[in-house]
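Student: Could you show me how to read a few features of a protein model, taking each idea in general before we turn to the case itself?

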Amino acid sequence: MAAEDLPSEFDVVILGTGLTESVAAAAFSRVGQRVLHVDRRSYYAGNWASFTFSGLLTWIQQHHEEPLPEEAQDWSSLLEEGEELIHLSHSDCASIRNLQVFCFTSEEDEEEEAPNTTEEETGGAAEDSECADSTEEETKETGEEEEEVREEEEVREEEQTTPSAALRQSEPTKKKISYAQLLKEGRRFNIDLVSKLMYSRGSLVDLLIKSNVSRYAEFKNVTRILTYRDRQVEQVPCSRADVFASRQLSVVEKRKLMRFLTSCVEETEEQRAYNGRPYLEFLRDRQLGDNLQHFLLHSIAMVTEDTPTEEGLASTRHFLRCLGRYGNTPFLFPVYGLGEIPQCFCRMCAVFGGIYCLRHSVDGVVVDRDSNRCKAVIDSRGQRITCSHFVVEEGYVAADRKRVATPTRFLSRAVLITDGSILPSDSDQQVSMVTVPPIAAGCPAVKMVELCSSTMTCMPGTYLVHLTCQSVGSAYEDLSPVVTRMFRTPESHDQETCPSVLWCLYFNMTDGSGLEAEGHNLPSNVYVCSGPDGDLGHELAIRQAESIFQKILPEEDFCPPAPNPEDIIYDGDNTSSSAGGEEEKEENDGVAEEEKQEEEKEMLEEEKEMLEEEKEMLEEEKEMLEEEKEVLEEQNLQTEE
Amino acid sequence: MSMEDYDYLFKIVLIGNAGVGKTCLVRRFTQGLFPPGQGATIGVDFMIKTVEIKGEKVKLQIWDTAGQERFRSITQSYYRSANALILTYDITCEDSFRCLPEWLREIEQYANNQVVTILVGNKIDLAEKREVLRQRAEDFAEAQSMLYLETSAKESDNVEKLFLDLACELIREAKQNKLDNNDTAPMPGEGKTISYLSCCSLN
Ligand SMILES: Cc1cc2nc3c(=O)[nH]c(=O)nc-3n(C[C@H](O)[C@H](O)[C@H](O)COP(=O)(O)OP(=O)(O)OC[C@H]3O[C@@H](n4cnc5c(N)ncnc54)[C@H](O)[C@@H]3O)c2cc1C
Ligand SMILES: Nc1nc2c(ncn2[C@@H]2O[C@H](COP(=O)(O)OP(=O)(O)O)[C@@H](O)[C@H]2O)c(=O)[nH]1
Ligand SMILES: [Mg+2]
């Protein structure tokens, strides 16, 4: 398509298509603002994007290349008296670093050979030795790692003759999926750069529902919460039904857990007494025992040992509030990956007239010297575009405009393609949230999400595993110890039952929560969106988009519902969405009222059920005690005799 | 919501260069009119038309690009759950025909494997300005195993036929799939898909 010119006047120009920018774009366009939304990249969502396998390899390659020296174009001819230009950054590589790629599966399909014991017992050894560690895009560091890997491999091969392996002879050899197959089926992968989940009562879900943007996507429930403890993966009981069915918990523990959860719904004096003190201490003093303490701290509150009590309780309440809305866990995940979400908001913006242009950037911001306000932007083709407001992703802001007061923090990320679930169950289609407490003092707590193929993020027969933590060292340093323990890689030992890692990627990404939104030396009508943060939910991005919107349009509604196309009445050429928005609202209120009553009824019924179950438990206990009493009495009798 | 009053629901998605007449095709079919000037209506996401085919009610949900094709910036999610794609070019514009392979690449990347694709040459009322010969387009469509049809949104030529043919094809495929998948029971424990998140819990 020939380079068609853009219109030269907008209300809001937005650069970057990450979640925050896209939500803001939808919000502005929805209330009638003229929006131009551009992104320098050829894909949507920036650091929030998801990629097919080959798309990800391209992304990796791009981030290995030395960024071209920034050569600022001279646009002075486009400036008028009293104006100056703030140049924006051209390279977006700054936010990603320490990329390392490993491939632990064979390059090509192997010939099907007659099963051979030696090969079987070492599992992937034969494949490993010819493994294409690190694809072409290998860094220096990767090279070093590779050597280490090789050394360990040799050691293992020497140990092979131990007879214990013979026990496994009868196991059928599952043929490992080769690198060639991953490439061939590459479009079945949708690999997110960011790993988050949607709290079913979080602000993202609320916004998707409120705005009707939810019609552009589909979601799946996270089906279970797992935790890693004493070198084992365990399922965390979540719903009331889970708790009752749990075989890990004793009857007494079940009762304690129920009591505890019921009691923390409301804030009490007792809880307030612990304000400022660690949640762990609060939990300890409830005498819950190690099991429950672990579940409550790491898997339900998902906080660390020194998180203050009030924060721990708030997280616990949030978790409880989110349970049961759509399923057995508090989380949803979008089919095709999180990268869909920003795109859905972009579609909403476009439907309301927003103009979209990928592979197109803004070179500079034209500032009026007297008022210190942005008057226009100059795009990468040298077109001057007038605008009243400019919203920009942090990554485009040149270093000289950042106040260095807040040191940049990083997230450590790993993405694994594996050949099995870390906790196999009846169904091979589980979506699991896994909490991994620090494996040693000083190590970060790791959040892990395991996705199955029905989420449309990986090919059948594989699982896509995302690991995230606050970085202490490089992503490899932070996360490979966890990977090595929980999965089978050439570096791991005695982990024949763990799923194998076929391919993996490590990288660090700037932590958006470390970037003060106001920490920039920019005109007041330029708004900076920080990139993804390390939280599990999406609160930061949504809050930021809403706050930018409210600064510009304090009177307007943020993302009001888009009309349902089925309700739009076509009247000649004058299309109107069902005349009275009022009427619709009244109707909705009626429905909401009914729903509320329905919900309340359900809640009461649930509570009744709960009480009944508790009664049963108590009766059981009573029986047990009675039995015990009888035994004791008998003993008494005997001694008396 | 009212009782679902149809036997089938299909999502049909239009793609192709800007200006080839996609929006006009949709509006001609759903509203029976040919809008003057730019046809897009602000705030309209998709259009609905229910048709009857051999006694069965088929609800067609027809999605337009929202103008994102203008600068080659269609979101992937636009293609995701489409049952059928209408790939449109303008017979009076060679360039719109030459871009077809690019569109096919997008389809291959993002659309469902089973998607039904139909190639449409629009604006046949402008026969004297034709730049793409019918035979050439037919050959191209055949090579890519697509259906092919020429239309005029302006004169309402073949527009009804386009959507009805698609609906027939989609019903045929749906019946075939049902036969093929008869014995695959749903996976136990498989996270259920929640589309159209709504304010009440969906159980
Ligand atoms: C281990 C565990 C055990 C749970 N046990 C129960 C239970 O026995 N009964 C229950 O109703 N919900 C229980 N929940 C929470 C429950 O699954 C959901 O919170 C519930 O579906 C409420 O959803 P809501 O967000 O719509 O309502 P909310 O507004 O969060 O609460 C609705 C009602 O449920 C009560 N409630 C909420 N959480 C609990 C809780 N943990 N224990 C007891 N009452 C609670 C509230 O007091 C209120 O009356 C448990 C959660 C966990 C993690
Ligand atoms: N002559 C003629 N013009 C058409 C036809 N269909 C669309 N147009 C014109 O082509 C232009 C672009 O149409 P539009 O539907 O907006 O194209 P879109 O960008 O693909 O959605 C408009 O000026 C229409 O009036 C047709 O069948 N015949
Ligand atoms: Mg159009």
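This is a predicted model: local features need pLDDT of at least 70, side-chain atom pairs count only at pLDDT 80 or more; totals for chains, interfaces and linings use all residues.

Tutor: Helices (H or I, at least four residues) and strands (E, at least two) are DSSP runs, numbered from the N terminus. Residues are numbered from 1 along each chain as its sequence is written.

Student: Is A:Lys176 buried or exposed?

Tutor: Buried means under 20% relative accessible area, exposed over 50%, and partly exposed in between, with a 1.4 Å probe and protein chains only. A:Lys176 counts as buried because its relative accessibility is 14%. Its side chain reaches the backbone oxygen of A:Phe104 at 3.2 Å.

Student: Where does A:Gly354 lie, and which residues does A:Gly354 touch?

Tutor: A:Gly354 is in the loop between helix 14 (340-351) and strand 12 (355-357) of chain A, and A:Gly354 is buried, because its relative accessibility is 8%. Contact means heavy atoms within 4.5 Å. Leaving aside residues up to four places away in sequence, A:Gly354 touches A:Ser29, A:Val35 and A:Cys349.

Student: What separates the C-alpha atoms of A:Gly354 and A:Glu253?

Tutor: Those C-alpha atoms are separated by 56 Å, the two residues being 101 residues apart along the chain. A:Glu253 is among the residues of helix 9 of chain A that meet A:Asn291, A:Leu292 and A:Leu296 in helix 12 of chain A.

How values were computed. Chains are lettered from A and ligands numbered from 1 in the order in which they are written. Side-chain values use heavy atoms; hydrogens and water are left out. A polar contact is a pair of N or O atoms within 3.5 Å; within protein, one must be able to donate a hydrogen and the other to accept it, and residues adjacent in sequence count only if both atoms are side-chain atoms.
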